[in-house]
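Good morning, and thank you for making time for this item. I would ask you to keep the sequence and the structure in view while I speak.

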Amino acid sequence: MSKTSYSEPLFTRSEVAEILNVTTLTISNRERDKKYPEPKRDLNNYRVYSLNDVFNLQLITYNAIDPKPIISILYDKGYNDIKALGQMIDSILSKRVN
C-alpha cells in the first residue's frame, strides 16, 4: 500500500478571490493598501498563493477559518484524497501561531 504524497498547492489570484468571495480587484487594492501582505510571484510575475497564504488571507478577511471553500478548490485542482487534504490542512493549522 503506497502513501499518497502531495506538494503544497498554489492558487491564482482568481481562485483566492473565489475563496474569499471578493473580486480580484479587491485583492489588488488590499495588497496596494497594505491590508494584505504582498504575495509571491511566479516566473511570469503572476501572483501565486500557498495554502498557508490563503488561510492567512481568510483570517484577515473574516477573522475565522472556514476551510470548505478551500477544500472544494483543492479537489478541483486534483487533490481528491480527502484524508490527505485533511492531514495537509491540519498540518498547516498546527503551524499557526495564535
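In what sense do E2 and strand E3 pair, and over how many bridges? In this predicted model, E2 and E3, the latter covering residues 47-50, are paired in the antiparallel sense over two bridges. One of the facing pairs is Lys 40 with Val 48 in E3. For Arg 41, the bridge partner in E3 is Arg 47. The two strands make a hairpin with five residues between them, and in the turn Asn 45 has a positive phi of about 70°.

Three strands form an open sheet, ordered E1-E3-E2, with antiparallel pairing. Strand E1 (10-11) and strand E2 (40-41) stand at the edges; each has a single partner strand, so one side of each is left without a neighbour in the sheet. E1 and E3 run antiparallel and are joined by two bridges. Here Leu 10 has Ser 50 in E3 as its bridge partner.

I turn now to the charged side chains. A search of the whole structure finds four salt bridges, and I shall discuss some of them.

Let me begin with Glu 31, which forms a salt bridge with Arg 47, the closest N and O atoms being 2.7 Å apart. This pair links distant parts of the chain, since Glu 31 lies in helix H2 (residues 24-32) and Arg 47 in strand E3, 16 residues apart. Is Glu 31 buried or exposed? Its relative accessibility is 3%, and Glu 31 therefore counts as buried, the limit for that class being under 20%.

A second salt bridge joins the side chains of Asp 53 and Lys 40, at 3.6 Å from N to O. Again the pair links distant parts of the chain: Asp 53 is in helix H3, Lys 40 in strand E2, and 13 residues separate them. The two partners fall into separate classes of accessibility: Asp 53, at 19%, counts as buried, whereas Lys 40, at 53%, counts as exposed. For Asp 53 the value of 19% should be read against a cut-off of under 20%.

Helix H3, in which Asp 53 lies, spans residues 51-62. A polar atom of the Asp 53 side chain is 2.9 Å from the backbone nitrogen of Ser 50. Leaving aside residues up to four places away in sequence, Asp 53 touches Lys 40 and Val 48.

Another salt bridge is formed by the side chains of Glu 38 and Arg 41, at 3.4 Å from N to O. Glu 38 is exposed, with a relative accessible area of 52%, and Arg 41, at 36%, counts as partly exposed.

Next, helix H2. Which residues of H2 are buried? They are Ile 27, Ser 28 and Glu 31. These residues cover an arc of only 100° around the axis, which puts them on the same side of H2. An α-helix has 3.6 residues a turn, so residues three or four places apart point the same way. On the other side of H2, Leu 25 and Arg 32 are exposed. The cover over the buried residues of H2 includes H1 and E3. After H2 comes Lys 34, with a positive phi near 65°.

Helix H1 (residues 13-20) has its own buried set: Glu 15, Val 16, Ala 17, Ile 19 and Leu 20. Just after H1, Asn 21 adopts a positive phi of about 60°.

Finally, the nonpolar core. The largest one has 21 residues, and the members that touch the most others are Phe 11, Val 16, Leu 51 and Ile 70. Two or more residues each come from H1, H3, helix H4 (68-76) and helix H5 (82-95). In soluble globular proteins, nonpolar side chains tend to be buried together. Phe 11 illustrates the reach of these contacts: leaving aside residues up to four places away in sequence, the residues Phe 11 touches include Val 16 and Ile 19, Val 48 and Leu 51, and Ile 70 and Leu 74. Arg 47, the salt-bridge partner of Glu 31, is also among the residues touched by Phe 11.

Note on methods. Residues are numbered from 1 along each chain as its sequence is written. This is a predicted model: local features need pLDDT of at least 70, side-chain atom pairs count only at pLDDT 80 or more; totals for chains, interfaces and linings use all residues. Side-chain values use heavy atoms; hydrogens and water are left out. Helices (H or I, at least four residues) and strands (E, at least two) are DSSP runs, numbered from the N terminus. A polar contact is a pair of N or O atoms within 3.5 Å; within protein, one must be able to donate a hydrogen and the other to accept it, and residues adjacent in sequence count only if both atoms are side-chain atoms. Contact means heavy atoms within 4.5 Å. Buried means under 20% relative accessible area, exposed over 50%, partly exposed in between (1.4 Å probe, protein chains only). A nonpolar core is a set of buried Ala, Val, Leu, Ile, Met, Phe, Trp, Tyr and Cys residues joined through side-chain atoms within 4.5 Å. Two strands pair if DSSP finds at least two bridges between them. The arc is that of the directions from the helix axis to the C-beta atoms.
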